[in-house]
Amino acid sequence: MLTIYLTRHGLTEWNVSRRMQGWGNGELTEKGIKDALALGKRLADVPIDKVYSSSSKRAFETAQYIIGDREISLIQMDDLREMNFGDWDGRIREEVEAEYPDDFKVFWETPHLYDRNSGETFEHVRKRAVSAFNHIIEENTEGTVLIVTHSIFLRVLMTYIKDIPLSDVFKATPPGNTSLTKIEVEDGQLNLIFEYDMQHVE
């Protein structure tokens, strides 16, 4: 059996300032670092074989804080990056909403219909997320792995894992920074054990 833990990067300066954070990067805050260290402590007795991280700095640094001084292989993957927001990336949400009210409404309310000439669609992210997830499963038939990634990436991936439509991507509880999800993979079946757990965060 393969056990997969999923987490979101720690809190960043861009999260705090409500900036759209896709392929751009905000630095981890003190709380972001503290929470990543707390997650590392929570997972200290879990025999993790490999950690896969988004190649974005905030996720990679979160992974490093979680690993600490443990000797665990850390693999960066571009396909684990957040959704590419195109010309919205790095901009404050309220500014984007004011300038692109229709597109912004579609993004949050009917995401399966979102399609601009800049950045990715949710369907693009879903294909990328499912491909990356299945690649990791193929590479690891047993043992335990941790995946460090991003909010919308996780939400989209969970639509695949829970077999719900992409239109419902924002209807579920959002993943908090450093929240933990556990999945067991056995005989090709995905079993969701718990989702977006935050008990290690003060």
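What follows is a chat about helix packing, aromatic rings and a few single residues in a predicted model.

Reader: Let's start with α6 and α7. What is the angle between them, and how far apart are their axes?

Author: The model is a predicted one. In it, α6 (residues 122-139) and α7 (residues 151-161) pack at about 75 degrees, and their axes are 9 Å apart.

Reader: Parallel or perpendicular, then?

Author: Roughly perpendicular, because angles of 65 to 115 degrees are counted that way.

Reader: Which residues of α6 and α7 meet?

Author: From α6 come Phe122, Val125, Arg126, Arg128, Ala129, Val130, Phe133 and Asn134. On the α7 side they meet Ile152, Phe153, Val156, Leu157, Thr159, Tyr160 and Ile161.

Reader: How many residues of that contact are nonpolar, polar and charged?

Author: The contact of α6 with α7 has 11 nonpolar residues, 2 polar and 2 charged.

Reader: Is α7 mostly covered or mostly open?

Author: Mostly covered, with 10 of its 11 residues buried. The buried ones are Ser151, Ile152, Phe153, Leu154, Arg155, Val156, Leu157, Met158, Thr159 and Ile161.

Reader: What covers the buried residues of α7?

Author: The covering elements include the helices α5 and α6. Strands β1 (2-8), β4 (143-149), β5 and β6 (189-197) are also among them.

Reader: Take Ser151. What is it in contact with, leaving aside neighbours within four places in sequence?

Author: Serine 151 is in contact with Arg8, Glu82 and Pro175. Serine 151 has a relative accessible area of 9%, so it falls under the 20% limit for buried.

Reader: And what happens just after α7?

Author: Aspartate 163 takes a positive phi there, about 55 degrees. Lysine 162 is in the loop between α7 and β5 (180-186).

Reader: Which contacts does lysine 162 have, sequence neighbours within four places aside?

Author: Leu192 and Glu195. Lysine 162 is partly exposed, at a relative accessible area of 34%. The C-alpha atoms of lysine 162 and arginine 19 are separated by 29 Å, and the two residues are 143 apart along the chain.

Reader: Switching to rings. How many aromatic pairs are there?

Author: The count comes to 13 aromatic pairs. One of them is phenylalanine 107 with tyrosine 114, an edge-to-face pair at 5.0 Å centre to centre with 90 degrees between the planes.

Reader: Phenylalanine 107: buried or exposed?

Author: Buried, with a relative accessible area of 0%. Tyrosine 114 is buried as well, at 3%.

Reader: Which residues do ring pairs link into a cluster?

Author: Phe85, Trp88, Tyr100, Phe104, Phe107, Trp108, Tyr114, Phe122 and Phe170. Among these, Phe122 also belongs to the α6 side of the contact with α7.

Reader: Which residue has its charged end over the ring of tyrosine 100?

Author: Arginine 116, whose charged end sits 4.8 Å from the ring centre. In another such case, arginine 81 lies over the face of tryptophan 23, at 3.7 Å from the ring centre.

Reader: Last one, threonine 121. Where does it lie?

Author: Threonine 121 lies in the loop between α5 (101-109) and α6. Threonine 121 is buried, with a relative accessible area of 12%.

Reader: What is threonine 121 in contact with, leaving aside neighbours within four places in sequence?

Author: Met83, Tyr114 and Asp115. Tyr114 is also a member of the ring cluster.

Terms used: Residues numbered from 1 in each chain as written. Predicted model: local features only at pLDDT ≥ 70, side-chain atom pairs only at ≥ 80, totals over all residues. Heavy atoms only, no water. Axes fitted to C-alpha atoms, helices over the stretch in contact; angles between N-to-C directions. Helix = DSSP H or I, 4+ residues; strand = E, 2+ residues; numbered from the N terminus. Parallel < 35°, antiparallel > 145°, perpendicular 65-115°, else oblique. Contact = heavy atoms within 4.5 Å. Nonpolar A, V, L, I, M, F, W, Y, C, P; charged D, E, K, R; others polar. Phe/Tyr/Trp six-rings, centres within 6.5 Å; stacked < 30°, edge-to-face > 60°. Buried < 20%, exposed > 50% of the residue type's maximum accessible area, 1.4 Å probe, protein only. Lys NZ or Arg CZ within 6 Å of the ring centre and 35° of its normal.
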